[in-house]
Amino acid sequence: MINFEYVKANSAQSASEARIKNGASQFIAGGTNLVDLMKKGITAPERLIDINALPLKEISLTPKGLSIGALVPNSVAADHETVKTKYPLLAMALNAGASAQLRNMATVGGNIMQRTRCSYFYDTTMPCNKRNPGTGCSAVEGYNRMHAIFGASEQCIAVHPSDMCVALAALNATVQVSGTKGTRKIPFADFHRLPADTPQLDTNLQVGELITAVSIPAHSFNKAYYLKVRDRLSYAFALVSVAVALDVKDGMIRSAAIAMGGVAHKPWRLYEVEEFVTGKPISKELFTEAASIAMTGAKTYTHNQYKIKLGKAAIIEALTKASS
Amino acid sequence: MHMEEQHHCPRESRRSFLKQSTALAALATASPLLVKAAENEEKINAYFEKVPLQLEINGQLQNLSVEPRVTLLDLLREQLGLTGTKKGCDHGQCGCCTVHVDGKRINSCLSLAVMNQGKKITTIEGLANGEQLHPMQEAFMKHDGFQCGYCTPGQIMSAIGCIREGHANSAEDIREYMSGNICRCGAYPNIVDAIMEVKQGGQKV
Amino acid sequence: MDKNNLYNIPPFADDDRVDGLAKVTGKAKFTAEHQLPGLVYGVFVCSTIAKGVIKNMYLAAAKNAAGVIDIIYYLNCPAVPGYKPADRTKNPNARDYTGHKVFFNNLVLSNGQPIALVVADTFERAVHAASLVRVEYDKEVPETDFEKNKFNGKLLKNRGEFLRNEKDAWKNAAVKLEQEYTIPIETHNPMEMHATTAVWEGDNKLTVYDKSQGPKGVQGELARMFELEEKNVKVITEFVGGAFGSGLRSWPHVHAAVIAARKLKRPVKLTLNREQMFTMVGYRPYSWQKIGIGASKEGKLYGITHQAVSNTSVYEDFAEGIVNVSQFLYDCPNVNTDYKILPLHINTPTWMRGPGPASGCFGLESALDELSYQLNIDPIELRIINNAEVHPQSKLPWTTKYLKECYALGREKIGWSNRPSVPGSLKEDGMLVGYGMAVGVFGAGRGGATAKGILKQDGSLLLQSAVSDMGPGTSTAMVKIGSEQMGLDDNKVRFELGDTDFPSGPTQGGSGSATTVGTAVMAVCDALKQSLKEMAIENIAAFKNLKPEDISYENGKLVAATDASAAIHFTDLLKQSSKPELQVSKTSTGFAQRDKYVANSFSVHFVKLHVHPVTGVIKLKHIVSVADAGKIISEKTARSQMVGGAVGGIGMAMTEETLMDHRYGRYINSNFVDYHVPVHADVPPVDVLFVNKPDNIISPTGAKGIGEIALVGVAPAITNAVYNATGKRIRQLPVTPDQLIG
């Protein structure tokens, strides 16, 4: 790791200005992902701008919805009474990620910004378009058991590693950002990018823009479940995960929000499935059909063919658990 | 084999060596000077690269000077001789380096020391009260919550965090919330027993 | 070094680990934690190709980086005398050094091979400078793919083939099957990463702090490598943070630290990082097995054919007895086995917990389970039907064998009667329920060792031997033996280890520490008692006319057999004899009755698990491990060893697999995110039961050894339970959810 320069920001504005002034600088909050990437030599910022002193640590509930400051640690959000009772899907997803220690360090903003865990991205000796554009994607013809089945390109088949983001995607969250030119709101679905020809770009954030909060609208879901299937029972990234929120009355699904993790370069919202189940009575057959719809258009590689079968199974199980 | 000089690492040559002036200042006053440092200036450069840091470690105030890249873990182990905190992976993947920062368990390998300015750090060495062991230390001995002992400080610090956070209400709960601490000797069931006992004993941790 | 204050600190409760206090307070000093004046840090630069030649190394940027002291690589590395071909004129049996010769030449033989050592004044600076070294290679195409090459293995001279009676006789049996079983590379991954700190005094005296299972082994090797007298090489392995086999031999980093410290004339500390733990300190080799097995309709085995291939490196032959279990574990008239090794461009594997049988039992115990369903005979009954009363080949008896007792204890504890005889037919809370069992076995025995005992006026006994304790609790067991023999409170006995200045002890491995060192400790205690008796006769009036055999030793007291009133405690005896202490060293020899007996420890593991009927996720519910390990010397630590073995077996069965991308010949999961070892959430309650009957033939300690049988057999017990739950037979480890969906 180079011996970077370390500065502390005292306002979002000054942080953004500093970020723009030095193109080789990066924001640091919890550091759980960035410090790891720096140790591996995947990124080597000359300057770190520590944003931890910024006043972005509030969780507040209004009639419009929930707002979580970007610097709220994952564990604080997960254990927050309002989050647990009004947005249990988010609490479940948060607790499915990483470890208790990491959740104490990692922030909500940082979680949204975390980079893929693709093995080839992490090994600086191997070609990777995301880390080193133009070098090729090692995963396409390599070991790709963990990789994407939706929305990938031949340039990159990495998946987004976050659990929290899968829940946020399902819950129609909005990411609030601030930059030198002011603030803007980015719908969650538009925040992360698909790889296409620019896999080096994970998000649509502009240089200098800083996440200040994430807001989740008020909703009518009365059932929720986050299912994560992984290679061990905790502290592992998802093979596939499913976030389900349902509004169920008298055995009828009045509305649904469903998203998947571990299948794409961004949290994968299942709009067609939501539409399909809405207005229908809960049944095993419904969920089985919903799972088939979810997997339509999936493209697999040598080692991740199982994700279609597992994806379907996970959707059926998550819907079953949520609705029971 | 030829050994000529090669400037193949551009990020090195872009670096400023006048860094100390900006180290802890607010950004508005950050130095605009970015002086190109040639590779052979690196050694001089390094002299300026340390920044002052004040931490309270196990109740003792420490005035230190560290490079920003030094992690809290390496500061403890290599500079302060507090080797009770262990390095098992250096990437936040095993929990051996767990310490408390302002009472919360974290992975010290992923925490830059400079980011802990003014904070209270508790390591395994700061847990006992003189000769009086912390209840969790006693419980680990009683239940043989270890074999080789290398992951043990991290397990103990994490176990205390687990109870403080309210996630030690059942064996299943403990297993989930302790899963960030890997024990390759496989003392897990004994560790769970130790935590259950401390939790049920109701002592303040 | 103020070692005496750091471990083995009383007080401890009756059954506590004697070094527990040091471990829970953070005072235990592991290898990389000895801070020495002038210490500098070495960090490896490693090859990024698996085969080829180093063409150019660009070192300027690294050399100019802050704090860099030196960069050692093949062009400037001082010659290591021990790397020369052995001189057989003096010793016709002298062998060439076969391990990887660090910085010896420009050849790359595996990916992750150390090719340079950057030494700097701080850890961060060394790491950074190492990242600045650029290397150009002439690449060649490596061969790393086991599956592609598994039929190209080579037989080892004199140990590859075995035949008892008829070859492939299983084919003629009434009920038979033939199946293949595959185990991927598994990596030891102890939590403490390997490290070495080397300190030279002049050119002839070397002190090394090393993470090793055998300080004497390291001492011997370094003496040979650097042409030193053994007495001038001091090796300290005070606390070892796990090893599981990775510390059984010295690796390139040990040599590199010694080379650098000599070149720079200052202490050098070299710690591997987690990635390097996958490429430099061994692993359990990839293995493929094929088993043909046949029995009568009543379940009597008729024939077993067991073949195996496992990988090695291109520069060393590493073999382990994978197929041996089929030769003796069950009574079977016709057995043939063959075993080959396959050289690949990967670093050399090494023994990993339960080496040989851990892999072999996955094959054999899975095949037996499969056979039991074909026969419709309970798997425990099938094993009892075929129990070997004597060794089927040599016809020798076992020293002790209580395998049948293990079955009885375990089947009761796990609730075997609830096991469904039809796979997939039992559900509990919506989950598929499965029960499985398998046998574990490992050689028992004892080697030679020397121990020293120092009995003091304050009533304490200090024992010493140059062995390591990587976690099983050797010091605790030795304290138990010493206190029992001398009739002392445990708190009065200390056992010091981990230092070559102590009398020679064995390398810790193969489950032999308790019997080997324990026997030496018992010999020391016997000698101490004898000396005390002689001392009493010489110095104490009441004993004057007695012979040693007329005096008994009871709980620290010497008592005349003829006159119980003539008694004296050894502390008073030492005082009255004006002796501050009594010191003896004793050497015990190895197990000498191999021509009369076969010696093994046995285990039987029982598993109950749930499989999610939709997602295929396995949840272990209960493990019962039963051991026939002889007398249990320290129950608490012995139990922990068994629990730990079960956890290791969970990893082997369900999570562990070191993966390589053969295009690059490079591992792609050499970290704890992608190489999954079990975490708390994976591990269910584990019950441990010991038969606890002494084996006094192997050694007077009564012990047989626990470390290996704790793990051997756990993996097939789990996959057998998976079959019982789902009807899906797992023949390739590890079993992950995607294999069991729906």
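This is a predicted model: local features need pLDDT of at least 70, side-chain atom pairs count only at pLDDT 80 or more; totals for chains, interfaces and linings use all residues.
Local features need pLDDT of at least 70, side-chain atom pairs count only at pLDDT 80 or more, and totals for chains, interfaces and linings use all residues. Residues are numbered from 1 along each chain as its sequence is written, chains are lettered from A in the order in which they are written, and side-chain values use heavy atoms, with hydrogens and water left out.

**View 1. Where chain A meets chain B.** Here 45 residues of chain A are in contact with 45 residues of chain B (contact means heavy atoms within 4.5 Å). Look for A:Asn3, A:Tyr6 and A:Gln101, which supply 20% of the area that chain A buries against chain B, more than any other three residues. Together the two chains bury about 3,800 Å², with 53% of it on carbon and sulfur atoms; buried area is the accessible area (1.4 Å probe) that two parts lose on being put together, summed over both. The interface has one salt bridge (a side-chain nitrogen of Lys or Arg within 4 Å of a carboxyl oxygen of Asp or Glu). You will find a salt bridge between the side chains of A:Lys39 and B:Asp90, at 2.8 Å from N to O.

**View 2. The elements that chain A brings to chain B.** Strand E1 (5-8), helix H1 (12-21), helix H2 (34-39), strand E3 (47-50), helix H3 (74-79) and helix H6 (100-105) of chain A each supply at least two residues of the side that touches chain B. Helices (H or I, at least four residues) and strands (E, at least two) are DSSP runs, numbered from the N terminus. H6(A) gives the most, with six residues. By type, this side of chain A divides into 21 nonpolar, 12 polar and 12 charged residues.

**View 3. Where chain B meets chain C.** This contact takes 66 residues from chain B and 78 residues from chain C, and the pair bury about 5,900 Å², 57% of it on carbon and sulfur atoms. Seven salt bridges are found across the interface. The side chains of B:Arg184 and C:Glu656 meet in a salt bridge, 2.6 Å from N to O. Several helices of chain B give two or more residues to the side that touches chain C, among them H5 (152-164), H6 (171-177) and H7 (188-201). The largest share, five residues, comes from H7(B).

View 4. Eight bridges join E9(A) to E10(A) (residues 238-249), and A:Leu227 stands opposite A:Val242 in E10(A).

**View 5. Two backbone details.** A:Asp250 is found in the loop between E10 and E11 of chain A, and its phi is near 50°, a positive value in a residue other than glycine. In chain C, the peptide bond from C:Leu733 to C:Pro734 is cis, with omega near -10°. C:Pro734 is found in the segment after helix H16 (714-726) of chain C.

Note on methods:
Ala, Val, Leu, Ile, Met, Phe, Trp, Tyr, Cys and Pro count as nonpolar, Asp, Glu, Lys and Arg as charged, and the others, Gly among them, as polar. Two strands pair if DSSP finds at least two bridges between them.
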